[in-house]
Structures are given as C-alpha cells and as structure tokens.
Amino acid sequence: MRNKIVAGNWKMNKNAEQTEDLLNELIANVPTETEVQIIVSPTFVNLSLAVNHLEFTNIEVAAQNMHQAASGAYTGEVSADMLKSIGVNIVILGHSERRAYFHESDAIIAAKVDTALQNQMRIIFCFGEELKDRKNNQHFNVVENQLRDGLFHIKKEDWEHLVLAYEPVWAIGTGETASPDQAQEMHQFIRETVRKVFDSEIAEGVSILYGGSVKPENAKEIFSKPDVDGGLIGGAALKAADFVGIINGIA
C-alpha cells in the first residue's frame, strides 16, 4: 500500500517565534493515531528549531531546497550534509517557484536529485505545467518532459526515496484548483509514465501528491481519487486549523 502523505511547504513565512507558535498548535492538534505521514517545511533558519521541537512527535521536517554541490564557494546556499547534520533527511526539489524565480533547469534539479540520493535523503520531487501549457493542450508533454529530464535517470532502487508532487502552476496561490477529476487524470498519467519507463511495482509503490490550493473544504474529495496519495500544501499549511483539516481529509 502506498504511503499517504500531507506535507506543508511554509515557503518564506514565519520568523522563529511564529514558527514555534505554529509548531505548538500542530503538536496539540495533529492526530496522533493516523497512518498519514505528516511533514512540515519551515525556512532554513528555523529548521533546527523545528527538528528539536518535533523530536517526540509524528511530524517530520523537510527542507525547501538544497544545493547540488557538497561544499564550496556558493554564498547563501545549503548542502545536503548541513541538512543531515541537524536532523533533516527530507528535501523538496524542483518546486515551481525555484524553477520560475531562480531559473532552476531540469539539469540542475537532476543534479540535486543525485546529491540527495547519494546522501540517503528522501525527496519530494515537484513538477507541473503552467496555464499556457494547459490551454495549448501541452500539459501532458510538459509533465512527461520534466519527469524524464529531472528524474528518469535514477536507478530502480532509488525510487524508495522518492515522493512525486504534481503542482499545476496555474493553481498555486491563485485560489484556482484543478478539479478532482483533472487531478486524477494527471496523476494516472504520471503513474502510467513511470510504469512505462520503469515497471509496475515502482509505479504502484510511489506516492503522488497533489499541490495546488488544497483546502480543508476540498481535500477529502481530491484525496478520494485512486491515484492521489496526499498533498503538498502551501498557504493552508500556515494555519494549524487548515492544515489539520486537510490531514483529516485523507485520514
């Protein structure tokens, strides 16, 4: 059975005090008797705080990004070893905002994937089409290309470290959401694409998250689709009540 996962990407939000407050709210309200894997991803400067705060809980901590080099003259960057040294073993790679605002290419993301795997880190691999791609009926091609160029070079045994996160860019932070049927259609396509390149065991075993304006109100319907295994949550992850409501939508 595939893992059910709800991951909260906090992006560039919450200072140290606000991070601690939100973590305390989550600790008090997140269901402890659940098979859902719960992940939060604060900013780099608050990762160590989060790891220490969540040590004896069922909430895990992920980094929002990571550099592909082991070390060196890369001012402002953070390495896999640095993350692991503070207890962070999960990293989000390929997020649409990294691709758009920081011009991360598929080649750069592929190199980051390799580095994360070399360091035995779990990866939440993000990908998805923009509105113009969907309007031009190119959304399947765009998704397939991003998977191929960023991920399909890895070995079969590496897939146990992978979680896929489909994020239609046009539905991130816009209030727009792909319909549950649209989400299922793409998730099914993703699973079939993985099956063709690798095999059925890998395709059926990998969790595919949906990331695009998920809210407590729509979570249950989206998560009910057979190929949707959870969500990568943005804005709603910044409010404990909303995040818990989304978790309860999949539980």
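Helices (H or I, at least four residues) and strands (E, at least two) are DSSP runs, numbered from the N terminus. The model is predicted: local features need pLDDT of at least 70, side-chain atom pairs count only at pLDDT 80 or more, and totals for chains, interfaces and linings use all residues. Residues are numbered from 1 along each chain as its sequence is written, and side-chain values use heavy atoms, with hydrogens and water left out.

View 1. Gln120 sits in the loop between α5 and β5 (122-127). Its phi is near 55 degrees, a positive value in a residue other than glycine. Asn137 belongs to the loop between α6 (131-135) and α7. Although Asn137 is not a glycine, its phi is positive, at about 60 degrees. With 56% relative accessibility, Asn137 counts as exposed (buried means under 20% relative accessible area, exposed over 50%, partly exposed in between, with a 1.4 Å probe and protein chains only).

**View 2. Packing of helix α5 against helix α7.** Helix α5 covers residues 106-118 and helix α7 residues 139-150; they pack at an angle of about 50 degrees, with their axes 8 Å apart. Axes are lines fitted to C-alpha atoms, for helices over the stretch in contact, and angles run from 0 to 180 degrees between N-to-C directions. The two helices, α5 and α7, are therefore oblique to each other (under 35 degrees is roughly parallel, over 145 roughly antiparallel, 65 to 115 roughly perpendicular, and the rest oblique). On the α5 side the contact is made by Asp106, Ala110 and Val113, and on the α7 side by Asn145, Gln146, Asp149 and Gly150; contact means heavy atoms within 4.5 Å. By class, the contact of α5 with α7 has two nonpolar, three polar and two charged residues. Ala, Val, Leu, Ile, Met, Phe, Trp, Tyr, Cys and Pro count as nonpolar, Asp, Glu, Lys and Arg as charged, and the others, Gly among them, as polar.

**View 3. The largest pocket.** The largest pocket holds about 780 Å³ of space. Its lining has 31 residues, of which His95, Glu97, Arg98, Tyr101 and Phe102 are the closest to the centre. A pocket is an open set of points on a 1 Å grid over the protein atoms alone, where a 1.4 Å probe fits, with protein on both sides within 12 Å along at least five of seven lines; lining residues have an atom within 4 Å of a point. The elements giving two or more residues to this lining are α4 (96-101) and α7, and the largest share, six residues, comes from α4. The lining divides into twelve nonpolar, ten polar and nine charged residues.

**View 4. Surroundings of Asp227.** Asp227 is in the loop between α10 (216-223) and β8 (230-233). At 11% relative accessibility, Asp227 counts as buried. Leaving aside neighbours within four places in sequence, Asp227 is in contact with Arg2, Gln184, His187, Gln188, Arg191 and Ile208. Glu185 is 42 residues from Asp227 along the chain, and their C-alpha atoms are separated by 8.6 Å.

**View 5. Buried residues of helix α11.** In helix α11 (residues 240-250), the buried residues are Ala240, Phe243, Val244, Ile246, Ile247, Gly249 and Ile250. Their cover includes β1 (5-9), α1 (16-29), β2 (37-41), α10 and β8. Asn248 also lies in α11, and at 44% relative accessibility Asn248 counts as partly exposed.

Note on methods
Points joined across faces, edges and corners; volume = space filled by probe spheres on them.
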